[in-house]
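Please read it with the coordinates open.

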Amino acid sequence: MARLNWTLWLFATIVGVISSDITNGNSSMATYQRMMKLRHLAVEFFDFYENVTVTDLKPRIPTEQDLLCAAEVQQLGQALQSGSLWALRMIDSWGGLPSGLLHGNLKDLGNFDECIRIQHEMTTTGHLLRGKYCSAKLPVGSVLGGNSPALSSFSAQTAVCFPASCSAENIDALLGQLLQRLLNIEVNTQLINEANCQTAEKEPLDGLAIFTIVLFGILAGLMLLTTIWDYFFCHDQKRLPAVVQIFSARVNSRALFRFSDSKSNPNVIDCLHGIRGLSLMWVIYGHDYLMAAASPNINLVDIVPWFKSPYSMFTIHALFSVDTFFFLSGLLIVLVALRTMEKTRGKLNVPLMYLHRFLRLTPVLALGILGYMAILPVIGGGPVYNTIILAQKANCEESWFWTLLYVQNYVAAETMCLGHSWYLGVDTQLYVISPLLLVALYKWGKKAVAGIVVFMLLLAACLFSMMMVRGYTLQLMVDSNKIYYTTHTRASPWIIGLLFGYFLHVNRGKSFKLKPLAVWAGWIFSLALIFVCLFGIYPYAANGYELPKLNEAFYVTLTRIAWPIALIWVVFACKYGYGGLANSFLSSPLWQPLSKLSYCAYIWHFFILQLNGFSTHTSTYFSDYQVMLRFWPDFGFTVLLAYVMYILVEAPTGGIQTLLLPSGRPKASPPKADAPTIEPRVNEGDTQAAPPVALKTPLDG
């Protein structure tokens with residue numbers, strides 16, 4: 001998915017070149033006209049193969065399956081001549097040359113359901129002939145592109161329907177011969193792949209799928225039983241059995257929808273819930289654009305003017321929402337940890353820190369991996385579904401363990417299981433080094449701050465030099481594995497959040513009296529930084545993203561510092577009474593449940609997006625409004641699924657952790673009014689704020 005924008009840009013450029021050749025009367029014009037005169041591909045096929053023989057399948061040694069395929073295709077041709085309805089349905093389900101090819105319509109999906117539902121009993125043999133739907137390449141680049149290497153590999157896609165007894169190899173041989181005759185070209189590429197073929201017969205559930213279903217069934221059963229016990233038999237909610245407290249949906253839902261605010265609890269920064277919730281929505285909205293762009297759109301060429309629009313900057317730069325989470329992560333870890341270190345006289349139980357972190361994140365992540373590997377492939381379907389979902393499953397089979405070790409962003413960047421989980425790897429690796437920075441801040445204060453600033457500037461210089469010396473670029477996410485997923489290039493927002501958290505800690509209990517002019521200056525400066533981060537490269541985007549290397553290196557490096565600096569003012573102003581309408585909006589208690597669900601939503605949102613997006617059976621249309629229409633149901637179902645995962649997995653595992661492990665926090669009286677201001681509950685992930693530190697459990701607050 002990281003290179004999707006690049007692929008779309010390449011496709012649109014190729015289509016534009018072909019269109020230009022035709023418009024200018026080049027040699028492609030005659031070939032294009034000949035292609036347009038072709039009849040429906042299925043009609044051409046059965047006219048060409050009036051009497052299919054096994055030699056047409058080009059097998060080295062004919063097998064029984066080859067003989068059956070040839071016989072059934074022959075019977076299909078005879079049934080067409082006699083007008084049999086089942087045979088007409090088979091050719092009716094074929095796709096053709098996509099209409100609007102020069103407008104970017106590269107896929108004709110045919111009729112998937114009509115094909116796979118064909119089941120006809122042959123009267124002569126008693127054999128059941130079934131339909132088999134396959135996606136086939138049409139090498140239009142070889143036809144229209146002449147000798148251009150870039151265009152020769154360009155292909156469209158259509159749908160064909162054959163008897164299920166025919167293998168992809170059989171179909172490929174038949175289509176190859178047909179296209180050579182129709183288009184007068186030598187077909188040297190594979191047109192059909194077995195992975196792109198489907199029948200109505202479903203593969204039986206494998207052991208992993210059965211295990212996953214049983215595991216989720218056990219968790220659902222525990223939740224249901226404890227909830228019934230809680231509702232009907234526990235009259236005193238203060239004396240619930242431990243197992244009921246851990247698994248009851250009633251108890252966990254009550255904790256989820258419990259509101260807190262800074263007036264009743266000085267340890268709360270209300271606006272962080274709103275920032276986290278908005279960032280979650282921004283992430284899902286940005287990923288919805290990826291899904292929409294990967295869909296079989298009939299107007300792929302419109303991607304080019306879309307990239308040139310100002311609105312696209314808001315979508316493309318949804319990546320800044322990730323920097324927001326890094327900022328909040330660093331902010332919250334220092335607030336919680338330094339308060340605890342003051343109570344323990346500088347002691348920090350690092351092994352317990354890491355253990356809490358691992359147990360906090362891993363159960364939801366592990367079950368998420370199982371869900372994507374075992375459940376997602378079997379609950380959806382369609383002409384484009386299997387190809388993408390099965391490729392994701394293959395990646396997970398290869399690299400799931402690296403994801404659970406939180407090193408996937410380095411070790412398995414090309415074959416990452418759950419591509420969006422790279423954030424967890426980066427955030428966890430930063431968490432691993434956090435005790436060094438926390439101890440330094442506790443012991444040396446401002447001197448440590450100076451050292452950390454220098455460290456951050458060195459990392460920024462490293463990113464800058466990588467882009468200048470090695471030529472890495474983020475234009476259309478080409479080098480995302482090297483400078484987008486890596487921890488040493490993403491650390492700046494996290495460190496800035498850490499330093500701001502230290503500032504809030506040392507100034508706890510203080511009030512800041514600012515003049516109106518200073519407040520206005522702060523908001524103008526913050527909004528200016530946000531505007532520059534979002535639209536700073538807009539003129540270059542309008543010219544095809546031809547951004548000079550030096551300009552891009554400065555932009556990428558400096559925006560990763562400018563964005564969290566802008567957030568510093570937003571949080572500061574909202575905390576100390578200068579937020580105005582922004583604080584009223586961000587501090588609304590309605591954000592708190594969404595904030596608490598953010599980790600489950602982060603893990604599972606791609607499950608919903610892929611299920612909804614790739615289950616399409618027809619071509620789609622790309623536009624901003626269409627993506628908006630996709631976003632709201634995707635977001636709604638994501639929140640519902642996140643709630644289910646929260647009460648099934650996240651809250652119970654957090655409760656078990658609280659029951660079995662020491663919190664590492666000294667028992668103390670309730671916090672005083674001058675206690676450091678922190679978030680009552682901490683969530684993590686690409687769509688959440690910060691990791692739990694050693695002494696904080698998921699159910700605190």
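The points below go from the whole chain to single residues.

1. Overall make-up. This is a predicted model. The protein chain holds 30 helices and 4 strands. It has 701 residues, of which 56% count as buried. Among contacts with a separation of 6 or more, 78% join residues 24 or more positions apart.

2. Confidence. The chain averages a pLDDT of 84. A score of at least 70 is reached by 84% of the residues. Residues 666–701 need care: pLDDT stays under 50 there. The model still gives that stretch 148 contacts beyond four places in sequence. Where pLDDT is low, the predicted coordinates should not be read in detail.

3. Helices α13 and α16. How do the axes of α13 and α16 cross? Helix α13 covers residues 271–294 and helix α16 covers residues 320–343. Their axes come within 9 Å and cross at roughly 150 degrees. Angles over 145 degrees count as roughly antiparallel, so α13 is roughly antiparallel to α16. The crossing of α13 past α16 is left-handed.

4. The contact of α13 with α16. On the α13 side, the residues are Leu272, Ile275, Arg276, Ser279, Leu280, Trp282 and Val283. They meet Phe320, Ser321, Thr324, Phe325, Leu328, Leu331 and Leu332 in α16. By class, that contact has 10 nonpolar, 3 polar and 1 charged residues. The spacing along each helix can be read with one rule in mind. An α-helix has 3.6 residues a turn, so residues three or four places apart point the same way.

5. Helices α10 and α12. Helix α10 (residues 207–233) packs on helix α12 (residues 249–256) at an angle of about 85 degrees. The axes are 7 Å apart. The range for roughly perpendicular is 65 to 115 degrees, so α10 is roughly perpendicular to α12. Met223, Thr227, Asp230 and Tyr231 in α10 meet Ala249, Arg250 and Val251 in α12. These residues divide into 4 nonpolar, 1 polar and 2 charged.

6. Helix α3. Which elements do the buried residues of α3 pack against? Helix α3 spans residues 41–48, and its buried residues are Leu41, Ala42, Glu44, Phe45 and Phe46. The partners include three helices by name: α4 (64–81), α5 (85–92) and α9 (168–183). Strands β2 (128–138) and β3 (156–163) are also packed against.

7. Positive phi at Tyr406. Tyr406 is not a glycine, yet its phi is positive, about 60 degrees. The residue sits in the loop between α18 (385–404) and α19 (408–411). Is Tyr406 buried or exposed? Its relative accessibility is 5%, so Tyr406 counts as buried.

8. Positive phi at Leu418. Leu418 also has a positive phi, near 65 degrees, in a residue other than glycine. It lies in the loop between α19 and α20 (422–444). Leu418 counts as buried because its relative accessibility is 1%.

9. Gln429. This residue belongs to helix α20. What does Gln429 touch, leaving aside its neighbours within four places in sequence? Its contacts are Tyr406, Val407, Asn409, Tyr410 and Thr487. One of them, Tyr406, is the residue with the positive phi of about 60 degrees.

How values were computed: Residues numbered from 1 in each chain as written. Predicted model: local features only at pLDDT ≥ 70, side-chain atom pairs only at ≥ 80, totals over all residues. Heavy atoms only, no water. Axes fitted to C-alpha atoms, helices over the stretch in contact; angles between N-to-C directions. Helix = DSSP H or I, 4+ residues; strand = E, 2+ residues; numbered from the N terminus. Parallel < 35°, antiparallel > 145°, perpendicular 65-115°, else oblique. Left-handed = near helix turned anticlockwise from the far one by under 90°. Contact = heavy atoms within 4.5 Å. Nonpolar A, V, L, I, M, F, W, Y, C, P; charged D, E, K, R; others polar. pLDDT = per-residue confidence, 0-100. Buried < 20%, exposed > 50% of the residue type's maximum accessible area, 1.4 Å probe, protein only.
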